[in-house]
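Here is a walk through one protein model. Keep the viewer open and follow the residues as they are named.

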Amino acid sequence: MSSDVLSSPLLKLSGISRAYQSGESTITVLKGVDLNLNRGEMVAIVGSSGSGKSTLMNILGLLDQPTDGTYEISGNDTGALDGDALSALRREHFGFIFQRYQLLSDLTAAGNVEMPAIYAGQAARLRRERAVSLLDRLGMGDRAHHRPGQLSGGQQQRVSIARALMNGGEVILADEPTGALDKQSGEEVLRILDELHAEGRTIIIVTHDMSVANRAERIIEISDGRIIADRRQENHKKTKPAAEPGIAGGQRWAALDRAQEAMQMAMRALIAHRLRTFLTMLGIIIGIASVVCVVALGEGSQQKVLANINSLGTNTLEIFPGKTFGDTRSGKIKTLRVADADALAKLTYVAAVTPTVSTSSTVRYGSTEANVLINGVGEQYFAAKGSKLISGRLFDAASVRAMTQEAVVDETTASSLFGASHIDAVGQVVILDNVAVRIIGVIASQQGGFGSNSNLQIYLPYTSVQARFLGDMSLRSITVRIADDADSKVAMSAAVAFLERRHGEKDFFVLNTDEIRQTITSTTRTLTLLVSAIAVISLIVGGIGVMNIMLVSVSERVSEIGVRMAVGARRQDILQQFLFEAVLVCLLGGCLGILVALGFGSVFNSFGAGFTLVYSMGSMILAFSCSCLIGLVFGFLPARNASRMNPVAALARD
Ligand code: ADP
Ligand code: MG
């Protein structure tokens, strides 16, 4: 030490101990180690297996912390530093070479070499150039784009040396660097280390092989956690300590650049495990697809029903006997009379009134026989409903008074009775329940609201139906059309009040299209919400699946995490990488889910279910952000586990 007494040592260990808790007992591996290592030295640490060499090396490289004692780098105590400060020191000062190379198999040689510079924040172009030139210098220029699996052990070790030099490699820590190599490759690696030493770098080699140790100028022997010898070999020529400075990091958008790198790493990991990625996504795909489909189904059916209601017109109301819709006695209540309809017709705000009665029966024409709904209506019915005449004529007030046996049919009925050429229907006579009836007109089929257009419909004067089919003068309902210039809400309540006064009590109820519309809208909304809740549960289950696989992925890749930390990744970098992976899986799953939903929609529509799925941009954006959120929420725990990993434990696991 006499020649170095003036310059302060680069690395200074004082009273370093390291104890492991194993069950009840404590194993002390290092027992009060004092050691000074100077800039530019080439030191070999030797000792038998289990003597504590690797433990000492890990403490020197800041991968592990001593239980006792102080460790100073260039006079600065490292004891009080947090994880990020330690990884910064690792990035700036140390390059690691491991016995088993510890290259990441998903990356090319050049990708492995440039990794430390990503965490140091060097610009992409610069670090790529530097990685290739370092590989070139180590005789690996033509292998820069090979994966570790395609390289021999000696070649992989040279890649790992290049990686150690990437950020400057002021101090190279090599733990049994030749342990896994044959004699010739081992010799090659040692020659490179000699060269690096000659350049002025500090080299620390751990070995149990004396022939390797003898190449160093200083040999430190360790046994059972204590230094038992520390000697210098005088035959080595002195080198000038003139290591190149660490590379300049901290470019302006470094954090953004690292995030982008983390994204690429996540992508690579997903591509490397395609099947697993897909299976992980499946839960999300199903969840998102069902959410989008359910919303589209709800929207589609609602639009269909609303279109039906709109075809009824916005300003008609139907008055039924009984207390409410669905009153079982309403068929038997006979309080609604023709006189009510006549009185209502006299009101100024009423445009048209028609009493209706109905019954069902069979209709016969030639050999054709079918069930038919007989509607007994007033002459104003067609005006009130806005029906369109296609051929022939409609019956008038005189027909109603005379109880004529004249009928109007809709198009559907005409074509099922008389075949495709239903224009010929006019003038034909059909037998309705033993009563002969002449067809005088055909009207366009109306989307009559609730599936009524699937029945055959025939319209007769209500007086004829009452007299010839029912034998009863009470009405099934009265349809009122409010005048266009009247306020429909006010007019409706006035009409109701008028009828209530006439009857002395409210023994009828009113359906108007506005109310029906509101009821249906709120019903479908409730249903959509309900089914969406189920879909959300499936999304949560999918999210738990993602979390599960991410936990597996983290535990599978502990050595990768260890290597990344060794070359200077911050905890945040690791967190980011795994979080990106989870979010990416979910986002991809979300996109696929939306595609599946769209595909389902086009299949559904081609089957012609009577209505189409209506996709809203809103539900897709919601689904997209949902999957993003699921990735963040369910990816966080695994990612945090990864980032809290102890680098030594992670490296030792292999
Ligand atoms: P070597 O000199 O062979 O590199 P190490 O430093 O790896 O020896 O290990 C020294 C001793 O410390 C060994 O007896 C080993 O079992 C023990 N040891 C190392 N790591 C741990 C650990 N994480 N927990 C408990 N004991 C450990
Ligand atoms: Mg060891």
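**Backbone, core and pocket**

Leu 62 is found in the loop between α1 and β4 (68-73). Helices here are DSSP runs of H or I with at least four residues, strands are runs of E with at least two, and both are numbered from the N terminus. The model is predicted: local features need pLDDT of at least 70, side-chain atom pairs count only at pLDDT 80 or more, and totals for chains, interfaces and linings use all residues. Residues are numbered from 1 along each chain as its sequence is written, chains are lettered from A and ligands numbered from 1 in the order written, and side-chain values use heavy atoms, without hydrogens or water.

Most residues other than glycine have a negative phi. Leu 62 has a positive phi of about 60° and is not a glycine. Leu 62 is buried, at 2% relative accessible area. Ser 74 also has a positive phi, near 50°. Ser 74 sits in the loop between β4 and β5 (76-77). Ser 74 is partly exposed, at 32% relative accessibility. Buried means under 20% relative accessible area, exposed over 50%, and partly exposed in between, with a 1.4 Å probe and protein chains only.

Now turn to the nonpolar cores. A nonpolar core is a set of buried Ala, Val, Leu, Ile, Met, Phe, Trp, Tyr and Cys residues joined through side-chain atoms within 4.5 Å. The largest has 76 residues, and Leu 11, Leu 56, Leu 60 and Phe 94 are among those that touch the most other members. Helix α18 (residues 571-606) gives the most to this core, with nine residues. A second, separate core of 54 residues includes Val 442 and Phe 469.

Val 585 lies in helix α18. Val 585 is buried, with a relative accessible area of 4%. Its contacts (heavy atoms within 4.5 Å) include Leu 270, Met 281 and Val 546, not counting residues up to four places away in sequence. Val 585 and Asn 605 are 20 residues apart in sequence and 30 Å apart in space, C-alpha to C-alpha.

Last comes a pocket. On a 1 Å grid over the protein atoms alone, a pocket is an open set of points where a 1.4 Å probe fits, with protein on both sides within 12 Å along at least five of seven lines; lining residues have an atom within 4 Å of a point. The second largest pocket is lined by 26 residues, and Ser 54, Asn 58 and Asp 175 are among those nearest its centre. α1 gives the most to this lining, with five residues.
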